[in-house]
Every structure is written in structure tokens, then in C-alpha cells.
Amino acid sequence: MGELSVMPQEDRSERRSPRPLRPFRHPRHLRAPRRPRVWFEILLVAASYWVYSLVRNAVPEQRAQALRNADLIWSAERYLGIAVEQTVNHAVNSVTWLIVSMNYYYATLHFVVTVCVLMWLFHRHPGRYAAARLTLFATTGAALLGYYLYPLAPPRLMNGGHFVDTVLVHHTWGSMASGNFKNMSNQYAAMPSMHIGWSLWCGLTVFALVSAPWARILALLYPALTLAVIVATANHFWLDALGGMACLAFGYAVSYAWYGSLPHHLAKRVPAPTGRVRAVGLAAGRHAP
């Protein structure tokens, strides 16, 4: 009989093709930024502001509780030695052109600057727009909760506070919470201050994304000047500003949890979808010599 040759048995593990490894995605990365669409963003921002105004003004005006909370805030600030709002209010009110300018600042720039920064992000930083917008929306949502849980009268409405309502005194078209418009707005939604929350969002966003020194300085001056305005016009306490900062911190936390990064760390441009890139590459290959 012929000698039998024994062939070495192939290792099954070698014949088996290795499975492609899927890229690991951290659970924080719940969503990747997408290219924003003009019509959708306009509708979203308009609807969101309408809902914000509706909810803010639907919070019951708990006048007695709001006045008690204002007394507590004022007492706490006097204990801490930072109760200078009345001094600032009276000092600035004595300079007519300055306080009138601040009244118009309080009534207009709060909305104008915020919308301008959103438009700038949309056109110049589309990859960061959605994350920055989510930060702003989450900040505002936290503020609505604060209005409901902690009604607070502004200094100008305190009993015996001797604050000057600068819009009434100087007859300027100003705050929705004063003068002829006071019945259209919740008078006791002062904590937290969204003038500070929104202006600080604008300032930090611009500061993180521009390189020109003068632009970065202006970006930081905007929330600082807003803080001076809300105090001088007797619309907020210092501690209301801290509440606005806390809401903004919450907004950044929500955005970070959703996108896995702070807005300014994301790519400036949104990459084209993979399918589109592949189709373009195949078309280019067909036309290549």
C-alpha cells in the first residue's frame, strides 16, 4: 500500500474572515451637527420665542410671594455688602441722557444682538450653529422653570424700596414690564435674568470664535454693560444676574451632553453626507481618462 500523506488541517480561525470593527462611539455623542436650513431655523426661532413669551406670561403673578422674595433678596445682599442697586439706580437716573439710553438699550438690544449672533453663526459657522442654538434654548427653558418656582418682584416694584422706575419717570418707550405695556408681561419674572443669560451667551460665543482683539473686547463688554443696565434701570438685582449665569451653565451642559463637545470646539463647516461624497467620487472616476 502506498504511503498515506497526511495534510495539515487548516485552522478554521485562519479561513474565517475577520469581522470589520465598528468605530466606537461614546454615548455622549448622541447627534452629529447637520447643515442648518434657513426656513426651518426661522420658523423654529419664531415659534420658540412665541412659546417662551406665552409660558413666561402664563406663570401666575404671585404678587405677595414675589414681594416677600424681593425682600429676602434685598436682605441677603445687604448682609453680603453688595446691596448697591439703589445707589446705582439713583446716580444714573440723575443723568437724563444716560438713563434714557439705558432704557432703550434694555428694551431693544436684548433681542437684536441675540438674533444677529444667531444669523452670524448660521452663515459663518454652520457646523457650530445647532450646538450654540441648543445652548441658548436650554438656557431659556431653565429660566422658565425659575420663573415658575421662584416669583420675584424687580427692585422698582418693591414696597418701600425707593427705587426709580426709569421708564415711567422719563416717559421713554422701553420695558415691556413697565409703563403702558406692563399688562402684557409678567411683572414678577425677574429671577433669573435672561438679559444676562442671553447677553453672556452672545459674548462668550463671539469671543470664542473671532480672532480680532477689538471684536473679542466688545464681546466681553456687552454682557458687562448689560449687567450695569439691568441694575441702573431697577429691573434686576445682582443675584438675578447670577441666576442667569447658572441657567447658561445648564444650557452648555445640555449642549455638551448632546453633541459631546462645546459649540466652539466643533468643526466650522458641516461635512457633506457620505453618500454624496461617494457619488461625486464615482462620477469623477467615470470621467477620468
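Trainee: What follows helix 9, and what is its phi?
Mentor: Ala234 follows helix 9, and its phi is positive, near 60 degrees. This is a predicted model, so read that as a computed value. Ala234 is in the loop between helix 9 and helix 10.

Trainee: Is Ala234 buried or exposed?
Mentor: Buried. Its relative accessibility is 1%, so Ala234 falls under the 20% cut-off.

Trainee: Which other residue has a positive phi, near 55 degrees?
Mentor: His171, again a residue other than glycine. His171 sits in the loop between helix 7 and helix 8.

Trainee: How far is His171 from Asn103?
Mentor: C-alpha to C-alpha, they are 9.9 Å apart in space. In sequence they are 68 residues apart.

Trainee: Where is the cis peptide bond?
Mentor: Between Met191 and Pro192, with omega at about 5 degrees. Pro192 lies in the loop between helix 7 and helix 8. For context, most peptide bonds are trans.

Trainee: Back to helix 9. What span should its 20 residues have?
Mentor: 28 Å, at 1.5 Å a residue. The end C-alpha atoms of helix 9 are 28 Å apart, so the two values agree.

Trainee: Which residues of helix 9 are buried?
Mentor: Ala215, Ala219, Tyr222, Pro223, Thr226, Val229, Ile230, Val231 and Ala232.

Trainee: How about helix 6, how many of its residues are buried?
Mentor: 18 of its 24, so call helix 6 mostly covered. Helix 6 reaches 36 Å from its first C-alpha to its last, close to the 34 Å expected.

Trainee: Zooming out, how many helices and strands are there?
Mentor: 11 helices and zero strands. Of the 289 residues, 41% count as buried.

Trainee: What share of the contacts joins residues at least 24 apart?
Mentor: 84%, among contacts between residues at least 6 apart in sequence.

Trainee: What about the accessible surface?
Mentor: It comes to about 17,500 Å². Carbon and sulfur atoms account for 66% of that.

Trainee: Let's go inside. How many residues are in the largest nonpolar core?
Mentor: It has 37 residues. Those with the most contacts inside this core are Met102, Val117, Leu121, Tyr147, Met194 and Trp201. Helix 5, helix 6, helix 8, helix 9 and helix 10 each give two or more residues to it.

Trainee: Which helix gives the most to this core?
Mentor: Helix 5, with nine residues.

Trainee: Now the rings. How many aromatic pairs are there?
Mentor: Five aromatic pairs. Take Trp74 and Phe163: the ring centres are 5.5 Å apart and the planes are at 75 degrees, so the pair is edge-to-face. Trp74 is in helix 3, while Phe163 is in the loop between helix 6 and helix 7, 89 residues apart. Both residues are buried.

Trainee: What does Trp74 form with Phe237?
Mentor: A tilted aromatic pair, 6.2 Å centre to centre with 40 degrees between the planes. Phe237 is in the loop between helix 9 and helix 10, 163 residues from Trp74. Phe237 has 0% relative accessibility, so it counts as buried. Trp74 is at 11%. Trp74, Phe163 and Phe237 form one aromatic cluster.

Trainee: Last one. Which residue lies over the face of Phe207?
Mentor: Arg216, at 3.9 Å from the ring centre.

How values were computed:
Residues numbered from 1 in each chain as written. Predicted model: local features only at pLDDT ≥ 70, side-chain atom pairs only at ≥ 80, totals over all residues. Heavy atoms only, no water. Phe/Tyr/Trp six-rings, centres within 6.5 Å; stacked < 30°, edge-to-face > 60°. Helix = DSSP H or I, 4+ residues; strand = E, 2+ residues; numbered from the N terminus. Buried < 20%, exposed > 50% of the residue type's maximum accessible area, 1.4 Å probe, protein only. Lys NZ or Arg CZ within 6 Å of the ring centre and 35° of its normal. Contact = heavy atoms within 4.5 Å. Areas by Shrake-Rupley, 256 points an atom, 1.4 Å probe, with all protein chains shown as cover. Expected span 1.5 Å × (residues − 1). Core = buried A, V, L, I, M, F, W, Y, C linked by side-chain atoms within 4.5 Å.
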